[in-house]
Amino acid sequence: MFEKVLIANRGEIALRIHRACREMGIETVAVHSTADQDAMHVRLADESVCIGPPPAKDSYLNASAILSAATITGVDAIHPGVGFLSENADFATMVEEHGLVFIGPKPEHISLMGDKIAARQAAETLGLPVVPGSEGAVASAEDAAHLAEKIGYPVLIKAAAGGGGRGMKLAPTQGELLEAFKFAQIEAKASFGFDAVYLEKFLPHPRHIEVQIMADGQGNVAHLGERDCSLQRRHQKLVEESPSPALNPEERDRIGRLASAAMSQLGYQSAGTIEFLYQNGEFYFIEMNTRLQVEHPVTEAITGIDLVREQIRIAAGLPMSFGQDDITFSGHAIECRINAEDPVTFVPSPGVVTDYHAPGGLGVRVDSGLYSGYRVPAHYDSLIAKLIVHGQTRNECLMRLRRALDEFVIEGVHTTIPLHQRLIGENDFIDGNYNIHWLERYVGNEEGRAE
Ligand code: MV4
């Protein structure tokens, strides 16, 4: 097992990784920007190295600075966390070239899934249901029009280098296709430096359902159920839950088995998430995330499996500590993302947290680096805490969530807690009756007209 791990991230996820390492007897090295020197995970880590000024490109995205810190402190491995360098195949390769272990999948699988056209082709080859659309890239507007005629409007033009909501354009009818194609291509080139686009039939009101998988590269592959992440605004998830209120046990079993079989065939290793759109009883693969996800605690709550611990074991060459048959899915879990933002306008609200009290009790987990006196920096994502509640039934979970939100005290910055409190009183939420558009309709989305 590793003796020392460098955590190439910040915030609650850096703390999460530190905790897993601690419990495994592994020393930790925190790397941080000057804006994060007082962060909780930096205080708790055995060692810390300042790697640069606040802008992420000069610190958390600075591969050379991170690799230098790794060399100086003599770590065995690097955990990239989420975001930042976590899905950068070049970084994963550089880590390996430095004689260190990248705690994550193989670079080839990061690259494969980073190219959304290649990912779509791979998914189809691996037996996953994909959205009807182009076989590969669409070279011209004429080809796009021809294909759209066959599969039917509306269609979406998506950038190969996009994902997570970036670089998509809707063509409701043939009359709008030429313009949408040109726009998507130009936007893709400008945003990603790569203008390849592909085409999919547009699904008007799906849910976003993702399957958590874990594989050790030694023949063991398991799925850990799904998460319903449909409650989002501008591609920022606000609430995630498992199991999805929309699926019946047969559907859950079917998509889980398909996901496992696909990853087995691919030879995938580490944690991964396969994203699907789900509409009218059908699943459609859209993307795969080759990393740990922010919402992983929801899965940990219902399976009792420590996903970060398993990632570390796998990276160290050990087999997974469980197999599919060892997993029992128990109860229901919901995560609320608490952001330092105005709960109505969503304008970021950095500043000093003047008072902090987290809820607790049975079935309540809070992942957060906050403390009284902590300054929320303005330079990063506004996620400051995750509240995860677990109950035996969805209703118990909802009652517990309401109780926990009411206990939560965060003073000095605006947070999304009041929004979550409002949400939990909505009948559609209580009934699990929502899709990917529900939240934006509920809170308004002044710049979201294109979607
Ligand atoms: C779609 C879609 C409808 N039809 N593809 C947005 C993010 C990226 N991961 C894929 N996205 C979508 N792809 C087809 N063929 C609608 C979305 C979409 C979406 C998906 C998941 C969660 C939230 C979303 C919000 C708007 C649009």
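1. A salt bridge here is a side-chain nitrogen of Lys or Arg within 4 Å of a carboxyl oxygen of Asp or Glu. By that rule, four salt bridges cross the interface of domain 1 and domain 3. Arginine 291 pairs with glutamate 87 in a salt bridge, with 2.7 Å between the closest N and O atoms.

2. Basis. This is a predicted model: local features need pLDDT of at least 70, side-chain atom pairs count only at pLDDT 80 or more, and totals for chains, interfaces and linings use all residues. Residues are numbered from 1 along each chain as its sequence is written, and side-chain values use heavy atoms, leaving out hydrogens and water.

3. Domains. The assignment (bounds from an automatic or database source) gives domain 1 (4-103), domain 2 (132-201) and domain 3 (207-450). The centres of domain 1 and domain 3, over C-alpha atoms, lie 23 Å apart. Their contact (heavy atoms within 4.5 Å) takes 33 residues from domain 1 and 30 residues from domain 3.

4. Buried area. This is the accessible area (1.4 Å probe) that two parts lose on being put together, summed over both. Domain 1 and domain 3 bury about 2,300 Å² between them. Carbon and sulfur atoms carry 60% of it. Glu12, Arg16 and Glu87 supply 27% of the area that domain 1 buries against domain 3, more than any other three residues.

5. Composition. The side of domain 1 that touches domain 3 has 18 nonpolar (Ala, Val, Leu, Ile, Met, Phe, Trp, Tyr, Cys and Pro), nine charged (Asp, Glu, Lys and Arg) and six polar residues (the others, Gly among them).
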